[in-house]
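Please look over the protein chain shown here before reading the report.

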Amino acid sequence: MVEKKKITAAITGVSSYVPETVLTNHDLEKLVDTSDEWITSRTGIKTRHILKEPGKATSDMATLAVNQLLEKKGIAKEEIDLLICCTVTPDLIFPATANIICDKAGLSNAWGYDLAAACSGFLFGLETASKFIETGKHKKVLLCGFDKMSSIIDYTDRNTCIIFGDGGGVVLLEPNEEGMGIQDAICKVDGSGREFLHQKAGGSLKPPTHETIDAKEHYVFQEGKTVFKFATTNMSQVSADIMERNKLDSNDVDWLIAHQANKRIIDYTAERMGLPKEKVLMNIEKYGNTTNGTLPLLLSDFEKTFKKGDNLIFATFGGGFTWGSIYLKWAYDANKS
Ligand code: COA
């Protein structure tokens, strides 16, 4: 009897998009009481990209990246089975932004839905999407991580406007029989942390009214110091846990792909994992925190750096609270294609 090979879900392509308009720390100095020096030293951020064009939304950025990826891979639109869009800034409350992307990109055979887990959305999405591949039911799944954070940011609040930016990326997941792709995942939530990072109004708890708008309750609210403490503790712990569970030491890990919220949180996580800074990928200085966009933006920016078989550890922390880590074996050499 021929033994059936185990199917794993591998990332086989990536693409990204950030809008053209750049908002620098010096631009922010004109909007709020802050300085380039403060922002750089406290967060590591220098610039972020902002989607300014009227009438453009999360789906428009994602559609551009999806089209680019399909073209790059030479895949027909009809071949896509499923598209999941991870976002906290959907075009509309409903229908799902995934549906809109499928329509705009012409993915006529795909079904889809949105996944919301704040800054851990893309990582939770990887875990979720991988199951559709592992069962053998789906052959080509697109996982988008995109946010138009500028649509929910108050540019008079120095606690939040310095951090966030717009953009994101998309990955293609396909079945692999060589043992590449997602090896293990740990996903966590603690809803009691919701009070420290949330959007107060616009949902069923507080539908929009003139009062909620006057009180600026449709913007991101964050108690930065508390979030910082939970983020450093939990992101570093979960990354150490996934290494231990898979018997990996720092020599076995090739790259840390961490959510780009604050350089100090990433440095702390890397230190806890025992990783030298050469293995810690960062682009926070260019894009700031793009929420669901940070992980695919890292994969896209550093795609040519990865070699087939490299061990990647993903780590995130976000509002909710949500956090997690994924251990993935990279499946291809972009350099050779
Ligand atoms: N420019 C200048 N000063 C600022 C400022 C800004 N943009 N924002 C805050 N400050 C001031 C504060 O008012 C405070 O002044 P005080 O000491 O006189 O009260 C001082 O700087 C320190 O503020 P604090 O909030 O303690 O700074 P911090 O070192 O914690 O940095 C964040 C603030 C937001 C950068 C940091 O807390 C952070 O990154 N938090 C987590 C963010 C995160 O990961 N969020 C998303 C999770 S997905």
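## Overall fold

The model is predicted. Its protein chain has 10 helices and 14 strands. The radius of gyration is 19 Å, close to the 20 Å that the globule rule gives for 337 residues, so the chain is as compact as a globular protein of that length. Taken along the principal axes, the C-alpha atoms fill a box of roughly 70 × 45 × 35 Å.

Of the 337 residues, 54% are buried. Among contacts between residues at least 6 apart in sequence, 76% join residues at least 24 apart. The accessible surface of the chain comes to about 15300 Å², and carbon and sulfur atoms account for 53% of that area.

## Helix α1 and His26

Helix α1 spans residues 25–29 and contains His26. This histidine has a relative accessibility of 44% and therefore counts as partly exposed. Its side chain makes a polar contact of 3.2 Å with the side chain of Glu29. In general, an α-helix has 3.6 residues a turn, so residues three or four places apart point the same way.

His26 can also be placed relative to Thr47, which is 21 residues away along the chain. The C-alpha atoms of His26 and Thr47 are separated by 9.0 Å.

## Helix α10

How many of the eight residues of helix α10 are buried? Seven of them are, so this helix, residues 294–301, is largely enclosed by the rest of the structure. The buried residues in α10 are Thr294, Leu295, Pro296, Leu297, Leu298, Leu299 and Ser300.

## Cysteines

The structure holds zero disulfides. A disulfide is a covalent bond between the sulfur atoms of two cysteines. The cut-off applied here is a pair of cysteine sulfur atoms within 2.5 Å.

For Cys86, the closest cysteine sulfur is in Cys85, at 6.6 Å, which is too far for a bond. Cys86 is buried, because its relative accessible area is 0%. For Cys187, the closest cysteine sulfur is that of Cys86, at 11 Å, again too far for a bond. Cys187 has a relative accessible area of 35% and is therefore partly exposed.

Most residues other than glycine have a negative phi, and most peptide bonds are trans. Pro95 lies in the loop between β4 (82–86) and α4 (97–105).

A cis bond also links Gly320 to Phe321, with omega near -10°. Phe321 is placed in the loop between β13 (311–318) and β14 (322–329).

Ala118 has a phi near 50°, a positive value in a residue other than glycine. Its place is in the loop between β5 (111–115) and α5 (121–134). With a relative accessible area of 18%, Ala118 is buried, since the limit for that class is under 20%.

Lys247 is not a glycine either, yet its phi is positive, at about 55°. This lysine sits in the loop between α7 (224–245) and β11 (255–258). Is Lys247 buried or exposed? Its relative accessibility is 74%, so Lys247 counts as exposed.

Technical notes
Residues are numbered from 1 along each chain as its sequence is written. This is a predicted model: local features need pLDDT of at least 70, side-chain atom pairs count only at pLDDT 80 or more; totals for chains, interfaces and linings use all residues. Side-chain values use heavy atoms; hydrogens and water are left out. Helices (H or I, at least four residues) and strands (E, at least two) are DSSP runs, numbered from the N terminus. Buried means under 20% relative accessible area, exposed over 50%, partly exposed in between (1.4 Å probe, protein chains only). A polar contact is a pair of N or O atoms within 3.5 Å; within protein, one must be able to donate a hydrogen and the other to accept it, and residues adjacent in sequence count only if both atoms are side-chain atoms. The radius of gyration is taken over C-alpha atoms; the globule rule is 2.2 Å times the number of residues to the power 0.38. Contact means heavy atoms within 4.5 Å. Accessible areas come from the Shrake-Rupley method with a 1.4 Å probe; for residues, only the protein chains shown count as cover.
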